[in-house]
Amino acid sequence: MTFAAYPSLAGRCVFVTGGATGIGASLVEAFHGQGANIAFIDVQAEAGAALAARLPGAIFQACDVTDAPALERAVQAAADRLGGLSVLVNNVANDTRHKAQDTTAEAWRGALAVNLDAAFLAARAAYPFLRVSGGSIVNISSITALLGPPEMAAYAAAKGAVNALTKALAREWGGDNIRVNALSPGWVVTQRQLDLWLTPEAEAEWMTLVALKQRITPEDIARLALFLAADDSRMITGQNLVIDGGRT
């Protein structure tokens, strides 16, 4: 297959959270491949450094997004090194499963800190730079917020809030020419999913529920994020675009 190139992304300054592995790594590679200036963060320092070493000019910082001051410093440092920010991709997430009755207050708060708080805090930190550039924010949400599967109450709640946050920021920052959209994947085949949950039996069941009987890959998610960041989508804001093979 041949996929789109976006000339408007060339030279743009892009910041990605959770960019070392999985969907995040595909996002970093995709923006780099479009000629963007890319900076990304992740708590997985070794994987992040290895990815940056393969992508000339890419900037990696090890950062735990649940440490709010550290996240804000990372955004500022990236903007300083890149000369501003044009695109923020809030990708970082943790979809660890817990039965609702077994979810402690600490586990609940921890899930929201990664999956919701980090998106707002990164957006707030990036706002001064995006206001100058007339930038774009892409929040990676999930169809979990739409379906509410068992053992994922905290994750589903956080992603539902990300969808609401997307709407709110799009309205509030539209006057600054900042676009804010969400992207909701279905079950994306990453190494983490294969290691923990995507058994042959689970995948066979998933395939009975979707219209397109193919795996969703991290690259599929990255290609949609490119579109939402590029000028081609200049009049799209406040939207949640679902990419799930027809599951919903």
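Leu 146, Leu 147 and Val 242 together make a nonpolar surface patch of about 230 Å². Patch members have over 30% relative accessible area and no salt bridge, and nonpolar side chains are joined within 5 Å. Such areas come from the Shrake-Rupley method with a 1.4 Å probe, and a salt bridge is a side-chain nitrogen of Lys or Arg within 4 Å of a carboxyl oxygen of Asp or Glu. This is a predicted model, in which local features need pLDDT of at least 70 and side-chain atom pairs count only at pLDDT 80 or more, while totals for chains, interfaces and linings use all residues. Residues are numbered from 1 along each chain, and side-chain values use heavy atoms, without hydrogens and water.

Val 242 sits in strand 7, residues 240-243. Strands are DSSP runs of E with at least two residues, and helices are runs of H or I with at least four. Because its relative accessibility is 35%, Val 242 counts as partly exposed; buried means under 20%, exposed over 50%, and partly exposed lies in between.

Strand 7 also meets helix 6: the buried residues of helix 6 pack against strand 7 and helix 5 (144-147), among others, where contact means heavy atoms within 4.5 Å. Those buried residues include Tyr 155, Leu 165 and Trp 173.

Now look at the largest nonpolar core, with 38 residues. A nonpolar core is a set of buried Ala, Val, Leu, Ile, Met, Phe, Trp, Tyr and Cys residues joined through side-chain atoms within 4.5 Å. Phe 40 is among the residues that touch the most other members. Helix 9 gives the most to this core, with 7 residues. A second, separate core of 34 residues includes Phe 15 and Tyr 127.

Conventions
Patches are made of residues with over 30% relative accessible area and no salt bridge: like charges are joined within 9 Å, nonpolar side chains (Val, Leu, Ile, Met, Phe, Trp, Tyr) within 5 Å. Buried means under 20% relative accessible area, exposed over 50%, partly exposed in between (1.4 Å probe, protein chains only).
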